[in-house]
Amino acid sequence: MIDDRSLEYPQSLPPTWGWRDLFIALLIIAMGGALTILSLRFATTIGNWDTSRGFVSPPVYLAGTLLYLIIGGTILAVIGPRAGWHDLGLQWPNWLYLALVPPVFIFGMGMMILTNAGVALIFGEIENPQIESLSGGQPFGIGELIALWFLIGGIVPIVEELFFRGVLHHLLRRRFNAATTIVVGAAIFAVVHFIPVLIPGLFVAGLCLGYLREQSGSIWPSVLFHVMQNTLALLAMAFLLATGGMTS
C-alpha cells in the first residue's frame, strides 16, 4: 500500500523553489551538454581518436562521465541550496526501507522480463541499441567492464535518481497524490531514455523506483535498486557479448 504523505507536501506553505529552478538547471545542463559534445567532436577530429566502440572508447567515456557530473553538479548547485536535503530525498532512510529493496527488485525484474517478452511477442525480437553505444558490439575487457560499471552502475544511478526521484518526484508530489506522482514520474523516466523498444520495461522499473522513493522519503533505496538493475544489465550484456549471444 502506498502511504499518502500529504503532511510532507503542505499546500498552504509557499515553496522556496519550483519549476522555474528546474528550468534554469535544465538550461545550464543543456549548454554544458552541448559544450561537452562539441569538445568531444573537436578532440576526436584533432587527435584522430577512434570512437567506434562507443563508451568503451576513452574520449566517449570521459565525455559521458563529464555530462553526468554536469547534471548532478548543476542540480546540487542551482536547486540544492534552496531545496535542502529533505526535498531532494538526500537524507538517509530507515534501514528497513533498504531491506525493502531486494524484494521490490526481484518483483520489478520479473515484471520487466514479462513486459519485454510481451513487447517481443508483439513487435518481434527486441534489439537493445545500448549494446552498440556501449561497446560497438564487441566484448568487454575486464578493465573496460570495471570502468563501465563505475559509470553505469555508480554515477548514473545516483545522478538519475537525484533528478527523477529527487527533484521531479518532489515537484510532482506537490500537485498530485502518491499514485499519480509515481505513474507520471515513471512515464517521464521511461520516455526520456529515448529508446522506444525499452520504454515499457523502463516504465515498470520507474514504478518500482517511485514506490521506493515515496515509501522511504529518500532517494537512496531507489539508488540501490538502480545500481542493482544497471549492474545486472551490464553483466548480462557482457556475458552475451563474450559468448557470441548478442551481435551488433
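**Helix packing and backbone features of the predicted model**

Phenylalanine 194 lies in the loop between α7 and α8, where helices are DSSP runs (H or I, at least four residues) numbered from the N terminus. The model is predicted, so local features need pLDDT of at least 70 and side-chain atom pairs count only at pLDDT 80 or more, whereas totals for chains, interfaces and linings use all residues. Residues are numbered from 1 along each chain as its sequence is written, and side-chain values use heavy atoms, with hydrogens and water left out. The phi of phenylalanine 194 is near 55 degrees, a positive value in a residue other than glycine. Most residues other than glycine have a negative phi. Phenylalanine 194 is exposed at 68% relative accessibility (buried means under 20% relative accessible area, exposed over 50%, partly exposed in between; 1.4 Å probe, protein chains only).

Asparagine 48 also has a positive phi, near 55 degrees. Asparagine 48 is placed in the loop between α1 (19–47) and α2 (58–88) and is exposed, with a relative accessible area of 69%.

Helices α7 (residues 178–192) and α8 (residues 199–216) pack at an angle of about 140 degrees, their axes being 7 Å apart. Axes are lines fitted to C-alpha atoms, for helices over the stretch in contact, and angles run from 0 to 180 degrees between N-to-C directions. This makes α7 oblique to α8 (under 35 degrees is roughly parallel, over 145 roughly antiparallel, 65 to 115 roughly perpendicular, and the rest oblique). Residues making the contact (heavy atoms within 4.5 Å) include Ile182, Ala186 and Phe189 of α7 and Leu202, Phe203 and Gly206 of α8.

Helix α4 (residues 101–123) has 23 residues and spans 32 Å from its first C-alpha to its last, close to the 33 Å expected at 1.5 Å a residue; the expected span is 1.5 Å times one less than the number of residues. Buried residues of α4 are Val101, Val104, Phe105, Gly108, Met109, Met112 and Val119. These buried residues pack against α3 (95–99), α8 and α9 (220–242). Just after α4, glycine 124 takes a positive phi of about 95 degrees.

Isoleucine 75, in helix α2, is buried, with a relative accessible area of 1%. Apart from neighbours within four places in sequence, isoleucine 75 is in contact with Gly80, Leu162, Phe163 and Val167. The C-alpha atoms of isoleucine 75 and glycine 166, which are 91 residues apart along the chain, are separated by 9.8 Å.

Key:
Helix = DSSP H or I, 4+ residues; strand = E, 2+ residues; numbered from the N terminus.
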